[in-house]
Amino acid sequence: MPVASRWHRGGTPKHNLHFRNEVESRTTLQELLLYFIFLTILCILTFGMVNPHMYYLNKVMSSLFLDTSVPGDERTNFKSICSIPDFWKFMEGPLLEGLYWDSWYNNSQWYNSKNSSRIYSENILLGVPRVRQLKVRNNTCKVYSSLQFLTRECYAKYTSENEDISDFGLKDDTEWKYSAPSINSPWHWGFVGVYRNGGYIFTLSKSKSETKNKFINLQLNNWITRGTRVIFIDFTLYNANVNLFCIIRLVAEFPATGGILTSWQFYSVKFLIYVSYYDYFIAFCEITFLILFTVFIIQEGKKMKEFKFAYFKSIWNWLELLLLVLCFFTIFFNLYCKIQIFLLLEQLLKRTEQYSDFYLLAHWRIFYNNILAITIFFAWIKIFKFISFNNTMSQLSSTLSCCIKDIVGFAIMFFIILFAYAQLGFLIFGSQVDDFSTFQNSIFAQFRIILGDFNFAAIQQDNRILGPIYFITFIFFIFFVLLNMFLAIINYTYSEVQDDYSIGRRPSFKLGEMIKKSYNNVLKKLKLKKPQEDEDNKSKKNKDLAEQARRKGFDENEIQSAEQMKKWKERLEKKYYSTEIQDDYQPVTQQEFREAGERITLHQFKTKPSDEKGFSSILLRQVEEPHDCHPVTTLEMGSLE
């Protein structure tokens with residue numbers, strides 16, 4: 001029998017379509033359930049590494065060593081020191097007093113001090129602190145010939161090529177002799193340079209008086225010279241109450257311009273693991289995470305084998321691969337940290353008379369925490385893959401995908417203007433205003449201006465003419481023009497997507513409907529809900545409507561005609577107003593079309609002849625033009641009513 005199909009002869013059988021939808025729905029729900037377990041385990045691991053006491057321990061230590069003023073000057077502390085005399089005052093004052101606690105507040109001795117300092121009576125100083133400096137050689141830069149009569153010495157900024165490795169001063173101890181850097185130790189990224197390990201090192205004593213005499217001796221013999229570029233003060237504390245190690249590094253940089261720039265690092269980490277029952281629960285979660293990671297790798301491998309190059313056309317598949325790569329690095333660094341802690345921790349704890357270098361362990365532990373944080377970020381982003389079946393989320397994703405080309409073109413224009421203004425601001429205000437001191441700072445300062453965080457007085461004070469011109473033109477072009485263009489692109493595309501959805505272009509199935517259907521199926525299997533309950537309610541509702549129609553005076557023929565036309569409308573909606581993919585549209589046979597024509601009359605639809613002709617033309621177009629016809633839209637289906 002000849003048939004009229006929207007795409008081709010035959011179409012997809014109805015039972016195959018329903019079977020495929022059922023399989024897709026069941027697969028999606030299984031994937032969602034498995035991923036929910038994975039995300040829960042990942043959250044437990046993430047927050048299991050974070051302890052609220054970490055912040056308080058860092059805050060207490062920073063208050064002690066950074067905010068304590070030097071004796072005789074309430075305005076000078078480690079944050080504000082700017083000269084070498086101030087630096088030595090800090091070393092002999094706040095640092096010395098903060099490191100050596102050997103008695104209670106009433107001057108009674110600790111009963112179990114074992115020659116170890118207890119800072120704030122709760123934090124044990126592990127080993128002894130270490131101080132080291134890095135220097136540069138003389139004549140590492142050139143003095144202009146016309147100025148050589150003023151000075152012949154020149155010390156450049158710190159680089160590994162400019163570093164001074166020769167002995168100096170008294171040359172009788174480690175603080176005067178260069179120590180080669182360790183291969184495994186990480187470099188330090190400071191304000192004005194990147195510094196490697198090694199240098200001129202000395203360790204403090206267990207005795208407070210001996211350490212003070214050491215500082216005085218170094219100061220008298222000019223341990224800090226013109227070639228000094230950075231000094232590191234490193235030590236480690238352990239708090240048994242919260243089972244946390246606090247690795248502290250105080251840094252004083254001596255730039256080639258003179259003065260001192262100070263910075264600091266406080267790392268509170270947990271090295272002693274698997275101590276409490278909660279730690280063993282974390283270990284169980286780690287094993288479960290490893291198993292789920294293996295399962296996801298197998299699943300993605302099967303998908304890549306099945307779809308081949310088509311696999312990489314989906315943005316969600318790229319997100320899956322990124323998440324798997326991050327999970328791999330998370331597992332790798334976790335195992336590496338555990339192995340390093342197992343090999344080094346016991347040795348470091350035994351060095352009570354030497355410096356214990358916990359900085360390397362803390363560095364890798366912090367790096368692992370950062371990788372874990374990035375992993376859980378993208379893990380939460382993947383949730384959009386499942387909720388995108390929702391109508392609202394589908395509109396959002398469709399809007400972004402439709403306007404991506406316009407956004408890319410806009411971004412090129414936006415960043416061209418942004419970088420132009422960034423260079424302008426850096427060249428005009430860079431030598432005076434802190435926000436424009438570097439090109440990177442200039443870029444970030446402009447983003448802050450867009451958000452309303454700016455210092456117009458500093459810009460105007462530096463240049464009274466170009467400052468206001470720069471600010472006004474930047475606000476006009478970036479804030480009033482470009483940002484409004486960006487919003488216009490999003491709004492226009494969103495309106496188009498809403499129009500498309502209003503005529504039936506929407507997701508083939510929704511997550512909420514799948515969950516509800518699965519929930520009802522479970523209730524039916526558990527015999528908590530009768531299988532025919534929904535059908536009975538629908539039949540009862542139809543009978544009530546028919547009874548109401550009889551009471552209003554409609555005869556039986558009109559009621560039967562209305563019920564029959566309702567069935568035909570539902571059938572046409574399933575055939576034409578379908579939201580499945582294009583291959584899922586069903587054919588309409590000529591016999592079905594003739595039966596529909598016999599039942600559709602002008603009296604039943606209560607429409608004008610022109611409307612009847614319009615609807616007939618719609619049906620005729622479906623039969624006579626099997627390859628070029630279109631589905632019945634919402635407006636066309638409205639003519640049935």
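Q: Is Cys 154 buried or exposed?
A: Buried means under 20% relative accessible area, exposed means over 50%, and partly exposed lies in between, with a 1.4 Å probe and protein chains only. Cys 154 has 11% relative accessibility, so this residue counts as buried. This is a predicted model, where local features need pLDDT of at least 70, side-chain atom pairs count only at pLDDT 80 or more, and totals for chains, interfaces and linings use all residues. Residues are numbered from 1 along each chain as its sequence is written, and side-chain values use heavy atoms, with hydrogens and water left out.

Q: Which residue does a disulfide join to Cys 154?
A: A disulfide is a pair of cysteine sulfur atoms within 2.5 Å. Cys 154 is joined to Cys 141, with an S to S distance of 1.5 Å. The two cysteines are 13 residues apart, and both lie in the loop between strand S3 (123-135) and strand S4 (188-189). Helices (H or I, at least four residues) and strands (E, at least two) are DSSP runs, numbered from the N terminus. The torsion about the S-S bond of Cys 141 and Cys 154 is about -105 degrees, so the disulfide is left-handed. Cys 141 is partly exposed, at 27% relative accessible area.

Q: How many disulfides does the rule give?
A: The count is one disulfide. As for other cysteines, Cys 43 is buried at 15% relative accessibility. Cys 285 is buried too, at 0%.

Q: How many residues of strand S7 are buried?
A: Twelve of the twelve residues of S7 (residues 228-239) are buried, so the strand is largely enclosed by the rest of the structure.

Q: What sense of pairing do S3 and S7 show?
A: Two strands pair if DSSP finds at least two bridges between them. S3 and S7 are antiparallel, over ten bridges. Gln 133 has Ile 231 in S7 as its bridge partner. S7 also pairs with strand S8 (residues 244-253), antiparallel and over ten bridges. There, Asp 234 stands opposite Arg 249 in S8. The hairpin of S7 and S8 has four residues between the strands, and Asn 243 takes a positive phi near 55 degrees.

Q: At what angle do helix H10 and helix H11 pack?
A: Axes are lines fitted to C-alpha atoms, for helices over the stretch in contact, and angles run from 0 to 180 degrees between N-to-C directions. H10 (residues 404-429) and H11 (residues 439-450) pack at about 115 degrees, with axes 9 Å apart. A crossing is left-handed if the near helix is turned anticlockwise from the far one by less than a right angle, and right-handed if clockwise. H10 passes H11 in a right-handed crossing. Contact means heavy atoms within 4.5 Å. Here H10 contributes residues including Phe 414, Leu 418 and Phe 426, and H11 contributes residues including Phe 439, Ile 443 and Phe 447.

Q: Which handedness does the crossing of H5 and H6 have?
A: This crossing is left-handed. The axes of H5 (residues 277-307) and H6 come within 11 Å and cross at roughly 145 degrees. Among the residues that meet are Phe 289 and Phe 293 in H5, and Leu 324 and Phe 328 in H6.

Q: Where is Leu 344?
A: Leu 344 sits in H6 (residues 315-350). Its relative accessible area is 26%, so Leu 344 is partly exposed. The C-alpha atoms of Leu 344 and Leu 361 are 8.6 Å apart, and the two residues are separated by 17 residues along the chain.
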